[in-house]
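Dear colleague,

I am handing over the structure below, together with a short account of what was found in it. Please look through the model first and then read the notes that follow.

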Amino acid sequence: MNNNMNTGRAPLVAVDPGYLLVISYLSFVIFLVLQSWCQPVGAATEAGLDLDAIHGGQLLMATAEPGHFQQAPLLSMAVEIDISGIVARTTMTQRFTNTTGGWAEAVYVFPLPDDSAVDHLDMQIGSRRIIGQIQEKKQAKKTYDQAKMAGKKATLLSQRRPNIFTTAVANIAPNETLIITLKYQQIVKRLNTHYSLRFPMVVGPRYHPGACSVSGPTTSSHARKDARQNGEHRVTALTSPGRSEQYTENRDVNPISLHINLAPGMELGRVASLYHGITNSQQDDNSVDIVFSGEVKADRDFVLEWEPKETQAPVVSVFSEQKDNSSYLLLMVMPPASPDKTPLPRETVFILDTSGSMGGASIRQAKDALQLAVARMRPEDRFNIIAFSSNANSLFSSSRPGDSTSLQQAKRFIARLDAQGGTEMRPALELALDGRNSHERIRQIVFLTDGCVDNEKELFALIKSKLGDSRLFTVGIGSAPNSYFMTRAASMGRGSYTFIGK
């Protein structure tokens with residue numbers, strides 16, 4: 001297994017006589033990791049490109065109008081995923097073309113799993129192909145700037161956030177085709193006997209706490225609807241008062257081709273795609289060949305789930321690989337399913353995000369999930385509900401028993417909730433986290449949200465200081481929740497993360 005798995009991304013430079021590719025990964029050095037989350041990635045970003053307003057992987061080219069970028073047509077996107085046991089290897093290839101009529105510099109923004117380890121990037125511009133090499137971030141940025149000034153081909157890969165990367169590309173000729181290939185590894189998610197892999201295809205906007213008015217919506221959905229002009233679809237970022245950058249977005253979304261070779265190492269009882277149509281064929285060695293069925297558009301993340309057949313005995317699987325005259329083995333032992341046990345009395349505090357970013361299907365799904373959870377409360381349990389947007393409000397002053405009176409109050413409270421306002425998570429977490437270590441019951445906090453904020457570090461510190469003996473479980477709602485925040489928050493809270501996309 002790659003020793004870089006689940007570590008920081010190392011830095012990448014390739015130089016050839018007339019062309020240059022610079023890929024800047026996160027360094028293993030801690031101070032470089034902290035700096036890289038907030039630094040720009042080239043002239044196009046420095047010119048005012050607001051990546052928070054962009055949804056999905058896009059190549060954005062600067063235009064003559066300041067602060068306005070034109071989306072380059074995506075000619076094709078191919079995804080190849082090889083899954084061996086619990087290790088997934090992904091190769092993603094995208095083709096774009098420059099239709100601006102002149103030489104262009106562009107920025108490509110794309111989502112990747114927050115726990116992935118990127119280890120390869122190459123770029124083909126026209127007839128030339130350049131393969132990247134690792135460099136420290138500062139040196140990679142310097143090399144990129146020098147190459148651009150010299151009129152050479154150059155690209156710079158940088159991590160915008162733990163699960164969002166950006167690539168700045170300089171000197172693209174008119175009508176020239178740009179091909180970018182990325183490869184990365186990750187560990188598949190496992191919960192009991194349930195395995196899952198999520199391939200992100202959407203970049204969600206992030207809310208900046210304190211930056212927006214209390215009463216106004218914090219997402220760009222209304223602005224996008226009202227700003228269609230002259231046949232264009234304009235996206236306006238509402239990240240701070242008085243500031244907006246606009247982008248011309250193509251209405252047509254090209255289909256994506258996907259191929260997955262699933263080698264689970266065991267006989268499967270279930271294989272399913274949660275939100276996209278797939279066709280799968282079982283092989284003699286228990287592997288499964290999976291492709292998309294029909295056209296697929298990048299409007300939500302792809303999630304694949306699989307489970308082994310139930311068995312009364314442990315299942316043992318061995319994977320082997322030869323590399324550089326060395327042999328590598330991966331041993332997996334799957335225990336038999338354990339019998340269900342009667343749950344202990346508990347206290348459950350539900351936190352529901354009702355901010356503007358949860359509008360539409362997300363808030364409906366969240367309310368349905370919460371109604372179902374509340375209906376499962378027993379008289380010996382205690383519960384409370386906290387709803388938040390720009391402010392946080394609780395149903396009860398303190399948790400109450402799950403009797404019929406409390407349950408009816410909860411159902412009416414949930415039914416009245418609507419999505420509007422900011423995404424101020426801190427007040428809601430402060431209401432739920434009491435810091436105590438001596439609760440009478442098992443205390444669980446269930447947090448339903450899309451997680452679209454950019455102050456993750458502040459929230460992690462709060463969870464660490466006030467968790468006590470409570471356990472925090474996160475439930476991601478929507479087409480592309482902030483999986484980095486949701487996964488890390490649940491891990492710090494000694495809980496688990498569940499994704500509900502439909």
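This is a predicted model: local features need pLDDT of at least 70, side-chain atom pairs count only at pLDDT 80 or more; totals for chains, interfaces and linings use all residues.

**What was found**

Strand E21 covers residues 302-308, and its pairing with E18 runs in the antiparallel sense over 5 bridges. Both strands belong to an open sheet of 4 strands, with the order E13-E14-E21-E18 and antiparallel pairing. At the edges of this sheet lie strand E13 (189-191) and strand E18 (268-273), each of which pairs on one side only, and from one strand to the next the twist averages 20°.

Another open sheet has 8 strands, in the order E9-E8-E12-E6-E5-E17-E20-E19, and here the pairing is mixed. Its edge strands are strand E9 (128-131) and strand E19 (278-282), each pairing on one side only, while the twist averages 10° from one strand to the next. Within this sheet, strand E8 (residues 117-125) and strand E12 (residues 177-187) are joined by 8 bridges in the antiparallel sense, and Met123 has Ile180 in E12 as its bridge partner.

Turning to the helices, I would draw your attention to helix H6 (residues 404-415), whose 12 residues should span 16 Å at 1.5 Å a residue, and whose end C-alpha atoms, 17 Å apart, agree with that expectation. Which residues of H6 are buried? They are Ser406, Leu407, Ala410, Phe413 and Ile414, and because they cover an arc of only 125° around the axis, they lie on the same side of H6. The face turned away from that buried side carries Ser404, Thr405 and Ala415, which are exposed. As for what covers the buried residues of H6, the elements include helix H5 (361-375), strand E25 (382-388), strand E26 (392-394) and strand E27 (400-401).

Finally, for the chain as a whole, there are 9 helices and 30 strands, and 51% of the 502 residues count as buried. The chain exposes about 22800 Å², of which carbon and sulfur atoms supply 48%.

Conventions: Residues are numbered from 1 along each chain as its sequence is written. Side-chain values use heavy atoms; hydrogens and water are left out. Helices (H or I, at least four residues) and strands (E, at least two) are DSSP runs, numbered from the N terminus. Buried means under 20% relative accessible area, exposed over 50%, partly exposed in between (1.4 Å probe, protein chains only). Accessible areas come from the Shrake-Rupley method with a 1.4 Å probe; for residues, only the protein chains shown count as cover. Two strands pair if DSSP finds at least two bridges between them. Axes are lines fitted to C-alpha atoms, for helices over the stretch in contact, and angles run from 0 to 180 degrees between N-to-C directions. The expected span of a helix is 1.5 Å times one less than its number of residues. The arc is that of the directions from the helix axis to the C-beta atoms. Contact means heavy atoms within 4.5 Å.
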